[in-house]
Amino acid sequence: MRRCLSLPLSVSLKKNNGSSTEGGNIEIETLKQKKLVNNSTSNSRSCFVCRRRARPRSRERERERERERERERERREEATTTTTTTTSQSKRSIIMTTQTDPLAKSVRGTNPQNMMEKITRDKVYAMTFWKEKCFAVSAETLVDLAVTDLTQIGGIYGGNNRATEFLCLTLKMLQIAPEREIVIEFIKNEDHKYARLLGAFYLRLVGSSAEVYRYLEPLLNDYRKVRRRVKSGGCELTTVDAFVDELLTKDFCCDIALPRLAKRFALEATGALEERKSLLEEEVGEGEDFETVIEKAVDEEMAKRRAMTMPGETVNVDGDEEKEEDAIAANKKRSLEDEGEKEEKKKAKKKKKGEGEEEGDGQDLEIAEANALRAKLGLKPLRG
């Protein structure tokens with residue numbers, strides 16, 4: 001049995017089986033040799049008693065370590081839960097702001113939001129107006145936003161490519177997909193012109209060709225001025241009828257590709273639309289042809305222009321023959337006087353040119369004589 005370093009030498013000798021001193025001396029020598037050789041590992045080799053004394057301390061240390069590990073795990077779990085909750089909340093908010101209404105009908109076989117390009121949609125989602133005022137908006141609150149906050153029309157503008165409030169509200173209408181009656185009320189509202197244009201633009205994106213012609217053509221008679229945001233960032237003035245004409249005739253409007261429209265004559269041939277009637281036709285009385293009325297108006301205007309004289313004189317509107325003859329005679333006199341003045345001016349110009357030529361010839365003779373004298377004296381000639 002090996003000697004324990006914690007016990008004295010006498011105790012370790014008594015524990016040995018050999019009681020003689022010789023055996024004890026031999027054992028002491030062997031123990032010294034082993035101590036020199038195994039000095040590094042002697043501390044790790046302990047007796048059973050030392051092991052029993054060291055066990056409770058090591059167990060307590062292990063328990064403390066386990067407790068610390070559990071605390072660290074709890075802290076990590078709390079941090080992960082907080083981050084996951086924040087990320088989940090942000091994801092939910094993003095989904096709620098970008099998700100279409102599940103009850104919304106598809107437009108041309110796709111999601112209504114796909115009528116606007118993804119790039120413009122991302123720009124709209126990044127706007128503060130979208131985050132603050134377009135969150136959890138219904139059809140009723142959308143009317144209030146269109147009436148109060150909408151003060152201009154347009155698409156993308158500025159160096160940062162920002163989206164206008166007009167695009168934000170159109171995208172919100174594509175998400176909500178309001179009923180067609182609400183959209184028609186938007187268009188028929190004459191008090192608020194920007195809300196009217198918002199409904200027209202939404203119907204142009206979503207509605208059929210017959211609906212677009214039926215509800216947008218009456219807006220061509222609205223000549224009110226509106227502000228339009230330009231790409232440079234400023235605003236320009238336009239009219240309601242010009243914007244509606246752009247919706248009906250062009251492929252792009254407000255940086256959005258518009259769906260194609262069927263030709264009007266094709267829809268009239270199929271019976272989907274009636275012939276278009278202008279307001280001028282409504283002003284013409286019954287029993288009169290529109291073309292004949294226009295011809296009469298053109299003839300009257302031409303007669304007025306022919307009878308017009310110089311400013312300060314009367315205009316022949318009634319068509320009296322005497323007044324016409326007097327006006328024609330006065331015009332002839334004035335034309336003759338103008339011709340005489342022109343001829344006198346031409347004669348005066350010719351006289352001036354002749355005098356200038358004679359002066360030029362005299363100068364040339366003087367130069368020639370001076371050059372002859374210089375040649376005799378051996379000098380260089382003058383330049384004309």
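Buried, in this talk, means under 20% relative accessible area. Keep that cut-off in mind. The model is predicted.

Let's start with the salt bridges. The count comes to nine. Side chains of opposite charge can pair when their charged atoms come close. One of the pairs is aspartate 222 with arginine 196. Their closest N and O atoms are 3.0 Å apart. This pair links distant parts of the chain, 26 residues apart. Aspartate 222 sits in the loop between helix 10, residues 209–216, and strand 4, residues 225–229. Arginine 196 belongs to helix 9, residues 193–206.

Are these two partners buried or exposed? Aspartate 222 has 9% relative accessibility, so it counts as buried. Arginine 196 is also at 9%, so it is buried as well. There is a third member here. Arg196, Asp222 and Arg224 are linked in a network of salt bridges.

Next, arginine 264. Which side chains does it meet in salt bridges? Glutamate 217 is one of them, at 3.0 Å, N to O. That link spans distant parts of the chain, with the partners 47 residues apart. Glutamate 217 is in the loop between helix 10 and strand 4. Arginine 264 is in helix 12, residues 264–270. Both glutamate 217 and arginine 264 are buried. For arginine 264, the relative accessible area is 17%.

Glutamate 268 also meets arginine 264 in a salt bridge, again 3.0 Å, N to O. This one stays inside helix 12. In general, an α-helix has 3.6 residues a turn, so residues three or four places apart point the same way. How accessible is glutamate 268? It comes out at 29%, so it counts as partly exposed.

Now helix 8. Its buried residues are Val183, Ile184, Phe186 and Ile187. Look down the axis of helix 8: the buried residues fall within an arc of 150°, so they line one face. What is on the other side of helix 8? Glu181, Glu185 and Lys188 are there, and they are exposed.

On to the backbone. Most residues other than glycine have a negative phi. Arginine 108 is not a glycine, yet its phi is positive, about 55°. You will find arginine 108 in the loop between helix 3, residues 48–98, and helix 4, residues 118–125. Its relative accessibility is 47%, so arginine 108 counts as partly exposed. Alanine 177 also has a positive phi of about 55°. Alanine 177 is in the loop between helix 7, residues 165–176, and helix 8, residues 180–188. At 25% relative accessibility, alanine 177 counts as partly exposed.

Last topic: the surface. Where do positive charges gather? Lys342, Lys345, Lys346, Lys347, Lys349, Lys350 and Lys351 form a patch there. Take lysine 346. It lies in helix 15, residues 321–377. Its relative accessible area is 55%, so lysine 346 is exposed.

There is a nonpolar patch on the surface too, made of Ile294, Val298 and Met302. Together these three have about 240 Å² of accessible area. Valine 298 is in helix 14, residues 290–307. Its relative accessible area is 45%, so valine 298 is partly exposed.

To recap the salt bridges: nine in the count, with Arg196, Asp222 and Arg224 in a network.

Conventions
Residues numbered from 1 in each chain as written. Predicted model: local features only at pLDDT ≥ 70, side-chain atom pairs only at ≥ 80, totals over all residues. Heavy atoms only, no water. Patch = residues over 30% accessible without salt bridge, like charges linked within 9 Å, V, L, I, M, F, W, Y side chains within 5 Å. Areas by Shrake-Rupley, 256 points an atom, 1.4 Å probe, with all protein chains shown as cover. Salt bridge = Lys/Arg side-chain N within 4 Å of Asp/Glu carboxyl O. Lys, Arg positive; Asp, Glu negative; His and termini not counted. Charge placed at Lys NZ, Arg CZ, Asp CG, Glu CD. Helix = DSSP H or I, 4+ residues; strand = E, 2+ residues; numbered from the N terminus. Buried < 20%, exposed > 50% of the residue type's maximum accessible area, 1.4 Å probe, protein only. Arc of directions from axis to C-beta.
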